[in-house]
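Good morning, and thank you for making time for this.

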Amino acid sequence: MKKMISLIVGILLLSSLPFYLHFSHKTTDPSPKEGQRLDVHKLESIVNLASSVDKPGVNDVKAPTFTLKALDGSYHTIGGKRDKPVVIHFWASWCEACSVEVATLRKLYGQYKNQVDFLGVNVSTEEKPENIEKFVKQNNLTYPILLDEHKHAADLYQLHALPTVFLIDKDGFVLDTFHMVDPLELEEKIRHLAEP
């Protein structure tokens, strides 16, 4: 009889596991309606246009909406209209290329912070908090660092490599995305983004 009760309890616990996992990853934090994933095929045409000589025009690839908590405890939302365009830098502390690229982004943030918002997004599912804080301190990052603890934003943005940068205009459209570009090219891209 005890074996039968133990078996039933075990089955009930196992059958409730998917519900627990689903609800335990939901947040009660303030967030607007989440966006849809990026359309990769449309994104390819944007990348091709952005690499041409002309400044990219308005396109139909909306930046997915997400809200993440920052290292300082504040919340930041990406997606929709903003006062300024935004640079989103997806990175991880273990990524050597991220360390190289972040030096240029730090410099450009100092130059363009009045015209462009900069946000770092740490894809932190496998990161220790002390490694994130060490990376931020060593690289003297003063723009907001968001924590994508469950790779939700990375999934929405169809992230396949680190580092990845997205340039988003004031209307919430993706203008460009790239992995690790030459510092002069990165500066040119952000200069174009900052233009009214």
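First, the conventions. This is a predicted model, in which local features need pLDDT of at least 70 and side-chain atom pairs count only at pLDDT 80 or more, while totals for chains, interfaces and linings use all residues. Residues are numbered from 1 along each chain as its sequence is written, and side-chain values use heavy atoms, with hydrogens and water left out.

The chain has six helices and seven strands; helices here are DSSP runs of H or I with at least four residues, strands are runs of E with at least two, and both are numbered from the N terminus. Read from the N terminus, the order is α-α-β-β-β-α-β-α-β-α-β-β-α. Of the 196 residues, 40% count as buried, where buried means under 20% relative accessible area, exposed over 50% and partly exposed in between, with a 1.4 Å probe and protein chains only. Among contacts (heavy atoms within 4.5 Å) between residues at least 6 apart in sequence, 75% join residues at least 24 apart.

Let me turn to the interior. A nonpolar core is a set of buried Ala, Val, Leu, Ile, Met, Phe, Trp, Tyr and Cys residues joined through side-chain atoms within 4.5 Å. The largest such core has 28 residues, and the members that touch the most others are Val87, Phe118, Tyr143 and Ile190. At least two residues each come from strand 3, helix 3, helix 4, strand 5, strand 6, strand 7 and helix 6. Helix 3 gives the most, with six residues. Apart from this core lies another, of 21 residues, which includes Ala63, Ala153, Ala154 and Val174.

Which residues does Phe118 contact, leaving aside its neighbours within four places in sequence? They are Val87, Leu105, Leu108, Tyr109, Tyr112, Tyr143, Pro144 and Ile190. Phe118 itself is buried, with a relative accessible area of 4%.

Six of its six residues are buried, so strand 3 is largely enclosed by the rest of the structure. Val86, Ile88 and Phe90 cover one side, and Val87, His89 and Trp91 the other. Strand 3 runs parallel to strand 4 and is joined to it by six bridges; two strands pair if DSSP finds at least two bridges between them. In this pairing Val87 stands opposite Phe118.

A second pairing is that of strand 1, residues 66-69, and strand 2, residues 75-78, which is antiparallel over four bridges. Thr67 of strand 1 stands opposite Thr77 in strand 2. Thr67 is buried, at a relative accessible area of 16%, and its C-alpha atom is 9.7 Å from that of His152, 85 residues away along the chain. Five residues lie between the strands of this hairpin, where Gly73 takes a positive phi near 95 degrees.

Next, helix 4. Its buried residues include Ile132, Phe135 and Val136. Seen down the axis, the buried residues of helix 4 fall within an arc of 95 degrees, so they line one face of the helix; the arc is taken over the directions from the helix axis to the C-beta atoms. These residues pack against strand 3, helix 3, strand 4 and strand 5. On the face turned away from the buried side are the exposed residues Lys137 and Gln138. Asn140, which follows the helix, has a positive phi near 50 degrees.

Finally, the rings. Rings of Phe, Tyr and Trp (its six-membered ring) pair if their centres lie within 6.5 Å; planes under 30 degrees apart count as stacked, over 60 as edge-to-face and the rest as tilted. By this rule there are eight aromatic pairs. The rings of Tyr109 and Tyr143 have centres 5.4 Å apart and planes at 65 degrees, so this pair is edge-to-face. Tyr109 lies in helix 3 and Tyr143 in the loop between helix 4 and strand 5, so the pair ties together parts 34 residues apart in sequence. Both tyrosines, Tyr109 and Tyr143, are buried. Phe118 and Tyr143 have ring centres 6.1 Å apart and planes at 40 degrees, so that pair is tilted. Elsewhere, ring pairs link Phe66, Phe90, Tyr157 and Phe166 into a cluster.

Thank you; I welcome questions.
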